[in-house]
Amino acid sequence: MEILLLGGTAFLGRHIAVAAAARGHEVTCVARGSNPAPDGIELVVADRDEDQGLAPVGGHHWDAVIDVSRQPGQVRRAVRDLHCSHWVFVSSGNVYADFSALEQDERSAVRAPLEGDVMEDMSSYGESKVACEAAIRSAGSSSTIVRSGLIGGPDDDSGRSGYWPWRFAHSTGDDVIVPDDPGFPCAMIDVRDLAAWIVSAAEQRLDGVFNATGPTISLGEVLAVSAQAARSQVPARPVPAARLAELGVGCWMGPASLPLWIDKPDWRGFATLDTTRARANGLVTRPLLDTLRDALAYENRRGGARRTGLDDAEERRVRAALDGNI
Ligand SMILES: NC(=O)c1ccc[n+]([C@@H]2O[C@H](COP(=O)([O-])OP(=O)(O)OC[C@H]3O[C@@H](n4cnc5c(N)ncnc54)[C@H](OP(=O)(O)O)[C@@H]3O)[C@@H](O)[C@H]2O)c1
């Protein structure tokens, strides 16, 4: 197949490009060129924020176009200007209107679509993806809409999948500071499994909306598997949410946070998705241990320079405060 990949130079897109090329497809990536395409894969440098940005790839009929955009205007212009037999759009579980229920399926209510072409900031990410999905569905050809949960594994530069294995592997004291919420429902999908399934969805021209993530497991299990991935015997030190908040520790992602956990009753279902439909159509996910081991190897390669989690000094400060030493 001739596949046009709108993106392909960042985390998931690179894995899609590599997986598609490994299956013998001819892949062309489109990006502004902040990073190179994977070795041996063509990159067309173009800016999709320009009205005619996709002109260099618009005169060809593609077997499939795969898009990872977050911006409705970019997706609308792609649908307007490109010719293909099948679309794959990488959306997100953030489209759902309510995050309190666990394992929502694809029929659950979604947010109102973002009005306008540009998502100004991530606070309207879900709404923006809803608008992107609508643009893809208006294309007239078949389309796979992939509502992905948290993506983890090697090259996860957000640091969310790498934090816990890294922290157990590089402890700053006699324990690892964790949220006292072992039952918090977690799920993640390995970037390689998601990429492989996206390529197979393009090959099969799967039509419809599909949730994609790994099985639901508890935060306690994630921590245990992280310690196993790190071959660590260091015990976890559970700290109540209110105490963490007092100490300036946040949740989910970003600096000074404890990732994969959210201290909001209305968000307990956020990470989890019902993936029955994708699994019935070929989605296979590897054991979490493999994902976390490879996320740790990636963190080790980059020296733990993450945007997410407690850095060493912060974890020591939190422990000292809990011990009453500051
Ligand atoms: N990470 C997660 O846990 C998670 C969870 C659910 C869903 N998702 C979704 O999964 C996808 C992840 O994609 P990704 O990892 O490949 O990362 P990404 O950071 O979304 O990649 C964006 C790609 O598009 C290109 N791009 C950005 N602006 C452009 C422009 N104006 N013109 C042309 N190209 C442009 C970028 O390259 P240049 O910057 O060089 O242009 C890059 O190749 C996204 O759709 C995201 O919403 C992610």
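I looked up the second largest pocket, and its volume comes to about 160 Å³. A pocket here is an open set of points on a 1 Å grid over the protein atoms alone, where a 1.4 Å probe fits, with protein on both sides within 12 Å along at least five of seven lines. The volume is the space filled by probe spheres set on the points.

This is a predicted model, where local features need pLDDT of at least 70 and side-chain atom pairs count only at 80 or more, while totals for chains, interfaces and linings use all residues. Residues are numbered from 1 along each chain, and side-chain values use heavy atoms, with hydrogens and water left out.

Next I checked the pocket's lining (residues with an atom within 4 Å of a point). It has 16 residues, and Met 188, Gly 214, Pro 215, Ile 217 and Leu 288 lie nearest the centre. Strand E12 (189–190) and helix H10 (288–301) each give two or more of them.

Then I went for the largest nonpolar core: buried Ala, Val, Leu, Ile, Met, Phe, Trp, Tyr and Cys residues joined through side-chain atoms within 4.5 Å, buried being under 20% relative accessible area with a 1.4 Å probe, protein chains only. I found 42 residues in it, with Trp 164 and Leu 258 having the most contacts inside. Helix H7 (219–229) gives the largest share, six residues.

What does Trp 164 touch, leaving aside neighbours within four places in sequence? I noted contacts (heavy atoms within 4.5 Å) with residues including Val 176, Leu 223, Leu 258 and Pro 259.

Last, I spotted a second, separate core of 32 residues, Ile 151 and Leu 194 among them.

Technical notes. Helices (H or I, at least four residues) and strands (E, at least two) are DSSP runs, numbered from the N terminus. Buried means under 20% relative accessible area, exposed over 50%, partly exposed in between (1.4 Å probe, protein chains only).
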